[in-house]
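Please look over the sequence and the model before reading on. The explanation below moves through some of the helices and then through some of the loops.

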Amino acid sequence: MRYTRSAWSAIFSRCASSAASSDTGAFVPPLSNRLIVTEKTWSQSATRSFSQLGSLGQRRVWAQRPLRTGISAFKTHVKVSMMHTWKVAETSVRIPNTCLRIEAFPLFQDNYSYVLLDDSQHNADRVVVAIDPADPDTFLEYLQQRLSIGQPTHVLTTHKHWDHAGGNSELARRFPGLVIYGGASEDVPACTSPVHDGDEFRIAQSRLLVRVLSTPCHTRGHVCYYVRDAQAPSSAPGIVFTGDTLFIGGCGRFFEGTGAHMLQAMQKLSTLPPETFIFCGHEYTVANLEFALTVEPTNDAIKEKLKEAQRMRADNKATIPSTIGGEQQWNVFLRASDAHWMTELRERKNRFRS
Ligand SMILES: [Zn+2]
């Protein structure tokens, strides 16, 4: 069924507003003292408190705690999701010796969306690249509050799932001319620039140089985006947005592929320089590493990484970014060397409860 604007107004009129904030702090991540990460007070001005919503269409939803509403047009259906808002300390990452700056924005239950900026640009032509901005209202609120930016200029979509691509149509409607990239073999809403494996392009007049890595498995047309500063020395690290293909300590489910496909995807990502920083689509790190420890119980890298991730999450910090070189030590999926073992790992992970 379709929800009209007036229907949603009626629903939201029953909701009280509240504000929340978390701790303030700054830290240098233990993984690399070359990486600059700053954190500021996280605040949410529009957390909506629902006492009881009752039935929304075909899905019955009851809530006792503050929730965020995610609405997404997914093919011909309208999907309504009521989710606990997740919080993470505000995270801004600057990659040393490059123009690359990444702001992490939490969405829904455990999703990350990102904004990528070319820090050498200070003029009106500055590009603002959004990665998987699936909840436009929340995303634009972050953009305005944290960066005083009104709108994105480009969108990089990793894959078609609603919690990654579900904001594309609304953003395209609001901002005519918005350039939206997505895998050519993927059903990405409002895609203006389909991309293929190995494509390389600059984002407008910026120094952001993007290479597309096709990684089919989680979905058939899933792509990752490897980004470098076109004017940085070749030794300067790049970054990769991995969506739901590679997580810190884990990988995505094989919805439209096999163990052989995921093995190929992992091998392709492994060809990136080890210092490449990874920005993934969900905060799943602790559960992934708890599982990894059941697979390789004597692996000290997994033990250390798990302790670090647990400490960070206890402090409400994001565990992104990781690096390709780091993942090669503690990610059992990236360490898999044959398709049979990859399949076995995934099946075990699907059954695993942390
Ligand atoms: Zn997905």
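What follows is a walk through parts of a predicted model.

A place to begin is helix α5, which covers residues 259-270. Its 12 residues span 16 Å from the first C-alpha to the last, close to the 16 Å expected at 1.5 Å a residue. Six positions in α5 are buried: Gly259, Met262, Leu263, Ala265, Met266 and Leu269. These residues cover an arc of only 160° around the axis, and therefore they lie on the same side of α5.

Helix α5 has a partner in α9, the helix of residues 339-351. Two packed helices are described by the angle between their axes and the distance between the axes. For α5 and α9, the axes come within 8 Å and cross at roughly 105°. Angles of 65 to 115 degrees count as roughly perpendicular, so α5 and α9 are roughly perpendicular to each other. On the α5 side, the contact is made by Gly259, Ala260, Met262 and Leu263. On the α9 side, the residues they meet are Ala339, His340, Met342, Thr343 and Arg346. Sorted by class, the contact of α5 with α9 has five nonpolar, three polar and one charged residues.

The next helix to consider is α7, residues 300-314. Helix α7 has 15 residues and reaches 21 Å from its first C-alpha to its last, which is close to the 21 Å expected at 1.5 Å a residue. Its buried residues are Ile302, Lys305, Ala309 and Met312. They are on the same side of α7, because they cover an arc of only 95° around the axis. On the other side of α7, the residues Asp300, Lys307, Arg311 and Ala314 are exposed. What do the buried residues of α7 pack against? They pack against α6 (285-295) and α8 (324-330).

Just after α7 comes Asn316, with a positive phi of about 70°, although Asn316 is not a glycine. Asn316 is in the loop between α7 and β22. Is Asn316 buried or partly exposed? With 15 other C-beta atoms within 10 Å, Asn316 is partly exposed, since a residue needs 20 or more such neighbours to count as buried.

The loop between α7 and β22 (322-323) also holds Pro321. The peptide bond from Ile320 to Pro321 is cis, with omega near -5°. Val93 and Pro321 are 228 residues apart in sequence, while their C-alpha atoms are 8.4 Å apart in space. Val93 is buried, because 21 other C-beta atoms lie within 10 Å.

One more loop residue remains to be described. Ala190 lies in the loop between β13 (179-183) and β14 (193-195). The phi of Ala190 is near 60°, a positive value in a residue other than glycine. Ala190 has 17 C-beta neighbours inside 10 Å and therefore counts as partly exposed.

Notes
Residues are numbered from 1 along each chain as its sequence is written. This is a predicted model: local features need pLDDT of at least 70, side-chain atom pairs count only at pLDDT 80 or more; totals for chains, interfaces and linings use all residues. Helices (H or I, at least four residues) and strands (E, at least two) are DSSP runs, numbered from the N terminus. The expected span of a helix is 1.5 Å times one less than its number of residues. A residue is buried if 20 or more other C-beta atoms lie within 10 Å of its own, exposed if 12 or fewer, and partly exposed in between; C-beta atoms are placed from the backbone. The arc is that of the directions from the helix axis to the C-beta atoms. Axes are lines fitted to C-alpha atoms, for helices over the stretch in contact, and angles run from 0 to 180 degrees between N-to-C directions. Angles under 35 degrees count as roughly parallel, over 145 as roughly antiparallel, 65 to 115 as roughly perpendicular and the rest as oblique. Two residues are in contact if their C-beta atoms, placed from the backbone, lie within 7 Å. Ala, Val, Leu, Ile, Met, Phe, Trp, Tyr, Cys and Pro count as nonpolar, Asp, Glu, Lys and Arg as charged, and the others, Gly among them, as polar.
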